[in-house]
Amino acid sequence: YIAVPESDCYILPESLSDQDAVMIEPTTIAVQACSRAQLEFQDTVMIIGAGALGSSMLRIVNLYSPRKIIVVDIDEPKLEAALQNGATDVINSKTEDVVTRAKELTDGYGPTVVIDCACFHGSFLTACKAAGNASRVITMGFSIAPDEINQFVITSKELDVRGSRLQNRKFQQVIDLVNEGKVDLRGSVSHTWPMEKAQEAFDFVLSHDPSYRKGVLTFGR
């Protein structure tokens with residue numbers, strides 16, 4: 001048992017199992033990022049990365065009904081899943097030039113909002129190059145390793161670059177969205193392990209198995 005302040009506790013939706021309720025926290029991060037991006041229905045949005053964070057981001061971006069949602073990844077099954085879950089277009093960055101394709105999909109302008117959920121070396125510059133004039137670029141990475149930053153691409157297009165991080169005051173907002181039927185968090189967890197097999201779980205995550213999306217450690221009673 002763990003004793004915590006009542007103000008830090010939330011009543012879970014009856015429709016969610018404890019396992020699926022784990023996805024509330026990643027969804028709060030997506031809600032915060034969309035808030036930072038000041039999304040509007042007329043925006044065209046590009047999400048770089050279709051993993052656990054990118055999938056949560058797609059779920060929340062859809063609520064704003066933007067004109068277009070473009071998802072970028074190197075994994076075809078993830079891109080197919082993105083199309084099934086609301087993306088209007090996808091770009092395979094392994095076989096396509098992201099900047100060129102993004103402009104083709106937006107009539108030569110570029111997305112008005114780019115959210116970098118992959119945050120690998122070089123993805124920030126790609127996001128800035130793909131973005132249209134006066135667009136918002138959201139970076140979510142926590143790496144302290146140096147990365148290439150092109151000042152001209154930001155200045156010439158008057159981009160707004162905004163960081164977004166963890167958000168613990170959005171839990172009730174996400175729970176309300178679930179209760180209202182606007183967000184479905186079921187089925188997002190791909191693997192579970194008992195707490196006693198935590199090392200096995202971490203080893204599996206590090207194996208980069210393509211079937212892995214989100215994992216949960218369970219506690220027996």
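1. Let's start with how α2 and α8 pack. In this predicted model, the two helices meet at an angle of about 105°, and their axes lie 9 Å apart. An angle from 65 to 115 degrees counts as roughly perpendicular, and α2 and α8 are therefore roughly perpendicular to each other.

2. Which residues bring α2 and α8 together? On the α2 side they are Ile 24, Glu 25, Thr 27, Thr 28 and Val 31, and on the α8 side they are Phe 171, Gln 173, Val 174 and Ile 175. Sorted by class, the contact of α2 with α8 holds five nonpolar residues, three polar and one charged.

3. Is α2 mostly covered or mostly open? It is mostly covered, with 11 of its 14 residues buried. Among the buried ones are Ile 24, Thr 27, Thr 28 and Val 31, and these four also take part in the meeting with α8. Others on the buried list include Pro 26, Ile 29, Ala 30, Gln 32, Ala 33, Cys 34 and Ala 37.

4. What lies over those buried residues? The cover includes the helices α1 (18-21), α3 (52-61) and α8 (171-179), together with the strands β4 (113-116), β5 (136-139) and β6 (160-163).

5. Now for another helix pair, α5 (residues 98-105) and α6 (residues 123-130). These two pack at an angle of about 30°, with their axes 9 Å apart. That makes α5 roughly parallel to α6, since angles under 35 degrees count as roughly parallel. The crossing of this pair is right-handed.

6. By class, the contact of α5 with α6 has four nonpolar residues, one polar and two charged.

7. Finally, have a look at Met 195, in the loop between β7 (191-194) and α9 (198-206). Its relative accessible area is 36%, so Met 195 is partly exposed. Leu 217 is 22 residues apart from Met 195 along the chain, yet their C-alpha atoms are separated by 5.2 Å. Leaving aside residues up to four places away in sequence, Met 195 touches Leu 217, Thr 218 and Phe 219.

Key
Residues numbered from 1 in each chain as written. Predicted model: local features only at pLDDT ≥ 70, side-chain atom pairs only at ≥ 80, totals over all residues. Heavy atoms only, no water. Axes fitted to C-alpha atoms, helices over the stretch in contact; angles between N-to-C directions. Parallel < 35°, antiparallel > 145°, perpendicular 65-115°, else oblique. Left-handed = near helix turned anticlockwise from the far one by under 90°. Nonpolar A, V, L, I, M, F, W, Y, C, P; charged D, E, K, R; others polar. Buried < 20%, exposed > 50% of the residue type's maximum accessible area, 1.4 Å probe, protein only. Contact = heavy atoms within 4.5 Å.
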